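Let's take a walk through this structure together. Have the sequence to hand and the 3D view open as you read.

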Amino acid sequence: MFFKVQIPLIITFIVGAALVIAMFVPHFPFYEANENFSIYFDLIAVFAFILGGGNLLKIHGDRIWRKGRDWKYSIVTVVGFLAMLIVGTLKIGGPPGFTGDVSASDSWFGFMYYSMFVPLQSTMFSLLAFFVASASYRAFRAKTKEATMLLVAAFIILIGRTPLGHYVTGWLPPQLQFLHIPNLSNWILSVPSMAGQRAIMIGIALGIISTSLKLILGIERSYLGGESK
Amino acid sequence: MADDRPDKEQSSRPRKGVIDVLKAIDRRIIFLLITLGVVLPLIFHLVFSVRTSPIVQAIFDKMESLPPGSKVLVSFDYAPSTVPENQPMAEAICRHALAKDFKVYMMAVWATGPPQVDALVTNVIERDFPGKVYGKDWINLGYKAGNQGLINAILLDLKGMYTTDVHGDPIDGFEMMRDVQNLADMSLIVCIGSGFPGVREWVQFAGDPGRIPVAGGVTAVEAPLLYPYYPRQLLGLMGGLQGAAEYESALVLKYPQYKEHAEQAVRLMGPQTVAHLVIIAFVIIGNIAYFGERSRQKRAKKA
């Protein structure tokens with residue numbers, strides 16, 4: 001119990017408190033502690049890849065074994081993951097050894113990256129344009145005052161974020177330049193949209209502070225695998 | 001095939017009005033028109049002139065204000081999915097930096113960043129700046145894991161984290177690395193990103209604590225999330241393809257010798273403009289159908 005609960009709580013308290021103090025007191029020993037903890041964090045982050053890969057294999061392997069929902073897609077995931085892992089780790093086709101260059105011209109990894117991964121990712125992202133157009137047609141309706149305002153703002157941004165905005169209202173006299181679509185578009189992004197973003201960000205920041213304090217003080221213990229106090 | 005149903009049945013079927021047609025457009029038609037909206041402008045080279053907005057001009061002016069030899073760090077924090085938006089930004093920034101004789105430090109906090117650096121080397125350095133020397137004028141530090149933890153670590157000690165460059169050569173062997181200890185030695189940080197970790201993390205973990213100017217280039221979707229940082233914490237922002245095109249326009253205006261290769265985002269603004277128009281047209285059609293249907297229902301209720 002002591003090693004499973006008390007030790008992690010003590011480590012969390014010391015590291016959390018030291019990093020908070022280092023933010024406000026950038027001098028010995030806190031400055032050095034911040035630097036060292038950052039390096040430890042990066043070392044731990046590398047091991048997260050092993051955990052992530054293991055977790056992916058466990059979840060999808062289990063689904064294939066049980067023939068769960070969409071198990072055939074899991075085969076594709078596992079085969080794709082293992083193929084990239086083996087080819088990249090063993091540096092097949094390229095300079096041998098763990099430090100060999102995966103981007104070498106003969107490397108299989110480079111071929112798989114540029115000929116499979118890049119087109120697949122690009123295709124997935126490109127499909128968004130089609131779905132956005134279809135969804136906008138079906139769902140973007142001026143049913144209420146709020147929806148109408150959103151619709152007008154969307155039109156202004158859509159036109160203002162293209163060169164068309166300059167052509168459409170470029171003829172306006174200087175005293176009506178505030179109606180120039182690119183200016184309206186910038187105003188929407190810099191005033192109402194930004195006000196909303198700030199409110200969300202402040203809310204998130206307060207939430208993070210609250211959660212961090214609970215972690216540092218040992219009130220929130222769910223990360224240890226148990227329940228919070 | 002001939003319709004052999006009785007005439008009576010055909011006449012009892014309600015006739016489709018304009019509203020019915022408008023409210024039930026097959027999505028394959030929408031997909032086809034979006035395809036044409038993107039493909040035709042590419043085929044017919046539809047190019048618009050682009051004017052630079054103040055938020056992008058601020059980055060260009062900052063770059064112009066720095067003296068030759070200034071150190072500029074460019075972080076490639078995006079994946080192939082957003083290359084059409086992000087790569088022109090990265091290339092325009094690096095082209096500008098090399099034209100101004102800055103020292104360019106390239107790195108990535110995304111594992112998918114280094115191949116984008118390779119593409120930039122081919123498209124920009126080998127093509128427009130063949131005389132620039134690796135390790136003296138530009139360097140590729142590569143990718144390291146750690147997200148914002150990495151940014152925090154290199155703010156305090158860059159060489160502690162990067163002991164070698166992307167090719168595994170010792171970092172102290174490069175001339176441009178000798179007087180660099182940490183991020184505070186940089187005159188400007190430019191993050192080209194499309195998510196987490198990205199521009200926000202560079203502002204929070206490098207720009208603010210280290211008092212280093214940070215500029216950003218992000219996808220159009222992410223840009224509104226970063227406006228709260230502009231202009232005090234983020235000196236400028238390129239948002240989406242439009243932001244990239246604006247920077248390219250400013251660059252070509254000042255350095256017309258790069259016009260041939262430096263206008264890829266400007267050329268892509270034609271398809272984007274037409275695609276936006278197609279989306280607007282369908283939203284209008286959808287609303288005409290909605291209001292038409294509503295007035296029809298009201299009339300039916302009254303009757």
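What do the buried residues of H11(B) pack against? Keep in mind as we look that this is a predicted model. The answer is a set of elements of chain B: helix H4 (54-65), H5, strand E5 (214-218), H10, strand E6 (236-239) and H12.

If you want to pick them out, the buried ones are Gly240(B), Leu241(B), Gln242(B), Gly243(B), Ala244(B), Ala245(B), Glu246(B), Tyr247(B), Glu248(B), Ser249(B), Ala250(B) and Leu251(B). You can check the helix's length too: at 1.5 Å a residue, the 15 residues of H11(B) should span 21 Å, and the end C-alpha atoms sit 22 Å apart, which agrees.

Tyr247(B) brings us to the largest nonpolar core, which has 82 residues. Tyr247(B) is among those that touch the most other members, along with Val74(B), Val104(B), Met106(B), Ile189(B), Val214(B) and Leu234(B). The largest share of this core comes from helix H5 (residues 83-99) of chain B, which puts in seven residues. There's also a second, separate core of 16 residues, and its members include Tyr137(A), Ile157(A) and Leu158(A) as well as Ala275(B).

Now zoom in on Ile189(B). Leaving out residues up to four places away in sequence, Ile189(B) touches Leu73(B), Leu183(B), Trp202(B), Ala206(B), Gly207(B), Ile212(B) and Val214(B).

Follow that list to Trp202(B), which you'll find in helix H9 (residues 199-210) of chain B. Is Trp202(B) buried or exposed? It has 28 other C-beta atoms within 10 Å, and 20 or more is the mark for a buried residue, so Trp202(B) counts as buried. Setting aside neighbours within four places in sequence, Trp202(B) is in contact with Ser75(B), Ile151(B), Ile189(B), Cys191(B), Gly207(B) and Val214(B). Take Ile151(B): Trp202(B) and Ile151(B) are 51 residues apart in sequence, yet 6.9 Å apart in space, C-alpha to C-alpha.

Finally, step back to the two chains. Here 51 residues of chain B are in contact with 47 residues of chain A. On the chain B side, the elements that give two or more residues include helix H3 (27-43), helix H6 (114-128) and our H11 (240-254). H12(B) gives the most, with 14 residues. By type, the chain B side divides into 28 nonpolar, 18 polar and five charged residues.

How values were computed
Residues are numbered from 1 along each chain as its sequence is written. Chains are lettered from A and ligands numbered from 1 in the order in which they are written. This is a predicted model: local features need pLDDT of at least 70, side-chain atom pairs count only at pLDDT 80 or more; totals for chains, interfaces and linings use all residues. Two residues are in contact if their C-beta atoms, placed from the backbone, lie within 7 Å. Helices (H or I, at least four residues) and strands (E, at least two) are DSSP runs, numbered from the N terminus. Ala, Val, Leu, Ile, Met, Phe, Trp, Tyr, Cys and Pro count as nonpolar, Asp, Glu, Lys and Arg as charged, and the others, Gly among them, as polar. A nonpolar core is a set of buried Ala, Val, Leu, Ile, Met, Phe, Trp, Tyr and Cys residues joined through C-beta atoms within 7 Å. A residue is buried if 20 or more other C-beta atoms lie within 10 Å of its own, exposed if 12 or fewer, and partly exposed in between; C-beta atoms are placed from the backbone. The expected span of a helix is 1.5 Å times one less than its number of residues.
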